[in-house]
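Grab a pencil and open the model viewer.

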Amino acid sequence: MTRNGNTNRVLAVLTLLFSGLAVAFALRLWGRPVVLPPIPLVDPIFTNTATARVSLGLLLQTHGDTSDYDCYTCHDKKEPVKLKLDDQGNVVLPKEHSDLVMGHGSHNRNNNCYNCHDESNLEALQTRDGRHPKLAESSPLCGSCHGPTYDDWEAGAHGRISGYWDRKLGPFVRQNCVACHDPHKPAFPPRAPAPGPHLLHPIAQAAPPQERNP
Ligand code: HEC
Ligand code: HEC
Ligand code: HEC
Ligand code: HEC
């Protein structure tokens with residue numbers, strides 16, 4: 001009888017104790033979690049995976065407007081286009097090509113149209129060693145002058161490869177030079193850096209200076 005009475009008393013005390021604790025926890029008597037300022041979403045400009053440029057190759061793949069590349073809507077197939085040069089030997093562009101910004105290398109080193117375009121067929125390119133790649137397949141043209149960079153690009157150390165690392169598992173995509181570099185002005189423009197990472201834990205804000213014993 002007394003044992004039962006004791007047990008009941010202990011149970012009652014424990015029930016009271018735990019109810020008290022539950023209330024204390026619910027009221028958060030021992031401090032509240034620090035309210036963090038909301039983390040702003042990263043500007044999509046930094047997560048967008050599109051390349052810097054829309055090349056002819058990409059336009060063809062996505063069925064975009066390729067009319068800029070139909071040279072023979074304006075030019076005559078039978079009449080080779082002569083270059084107009086100024087006193088310094090720079091090409092003087094007509095207003096029809098005023099959207100072209102030329103600047104390949106310092107001192108306009110590589111601005112001669114026929115270093116790259118084929119004068120006997122404007123819709124093709126020409127390399128120094130006599131190959132005639134299509135306008136949309138220009139990477140070998142770039143490679144004919146930029147051999148070391150081209151080798152790096154083929155090996156995956158320059159440019160961008162995405163898809164399967166293990167080629168047996170699936171396809172991979174290698175971006176062409178002109179997906180990043182404008183052939184007429186190839187220097188890669190500077191970009192704003194993406195913001196740094198957000199902290200997962202709050203930094204103890206303005207912690208009060210430690211009291212020192214005198
Ligand atoms: C909207 C019409 C138009 C289109 C499209 C066009 N051109 Fe031209 N282009 C001209 C005109 C006009 C001239 C100046 C007259 C001339 O030399 O025949 C010119 C001049 C040129 C020149 C000589 C540049 C100079 O200033 O000496 C080259 C090279 C050339 N075009 C290449 C091309 C190539 C390559 C394409 C296609 C990828 C093309 N053009 C598409 C209108 C056009
Ligand atoms: C006929 C040879 C030749 C071809 C073809 C050629 N380049 Fe160049 N490239 C040059 C020269 C020359 C320079 C300037 C090097 C210097 O000034 O020190 C240069 C410079 C560059 C630069 C450095 C930035 C600059 O403007 O100095 C880049 C990037 C570049 N080329 C990319 C390309 C790409 C992409 C292609 C293919 C569309 C290409 N090149 C095709 C000869 C060529
Ligand atoms: C370094 C090589 C190179 C030189 C030099 C060059 N081009 Fe091009 N050009 C290209 C390539 C490659 C393309 C195709 C780019 C693409 O896939 O987007 C092109 C595209 C074009 C186009 C198509 C539309 C456009 O606006 O891009 C025109 C027009 C053109 N070139 C005219 C010229 C003229 C005129 C000159 C001389 C003043 C010239 N190019 C010099 C490599 C060159
Ligand atoms: C995915 C984008 C991308 C592709 C594809 C790409 N490049 Fe570049 N390239 C860059 C960037 C970014 C730089 C660095 C620019 C800087 O440091 O200012 C660069 C630099 C260069 C330079 C000058 C600096 C140097 O000494 O390497 C050359 C030349 C060049 N690229 C050529 C090429 C050629 C040729 C191809 C194709 C075979 C190619 N690139 C493909 C993004 C690309």
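**Exercise 1: placing a serine**

Work out where S55 sits and whether S55 is buried or exposed.

Step 1: S55 has 6% relative accessibility and so counts as buried (buried is under 20% relative accessible area, exposed over 50%, partly exposed in between; 1.4 Å probe, protein chains only).
Step 2: leaving out residues up to four places away in sequence, S55 touches V178 and A179 (contact means heavy atoms within 4.5 Å).

A word on the ground rules: this is a predicted model, where local features need pLDDT of at least 70, side-chain atom pairs count only at pLDDT 80 or more, and totals for chains, interfaces and linings use all residues. Residues are numbered from 1 along each chain as its sequence is written, chains are lettered from A and ligands numbered from 1 in the order written, and side-chain values use heavy atoms, without hydrogens and water.

**Exercise 2: the iron of ligand 2**

Find which residues coordinate the iron atom of ligand 2.

Step 1: H104 and H146 do, each through NE2, at 2.0 Å (donors are N, O and S atoms within 2.8 Å of the metal, or 3.2 Å for Na, K and Ca; water is not among the atoms, so sites may look incomplete).
Step 2: H104 is buried at 16% relative accessible area, while H146 is partly exposed at 42%.
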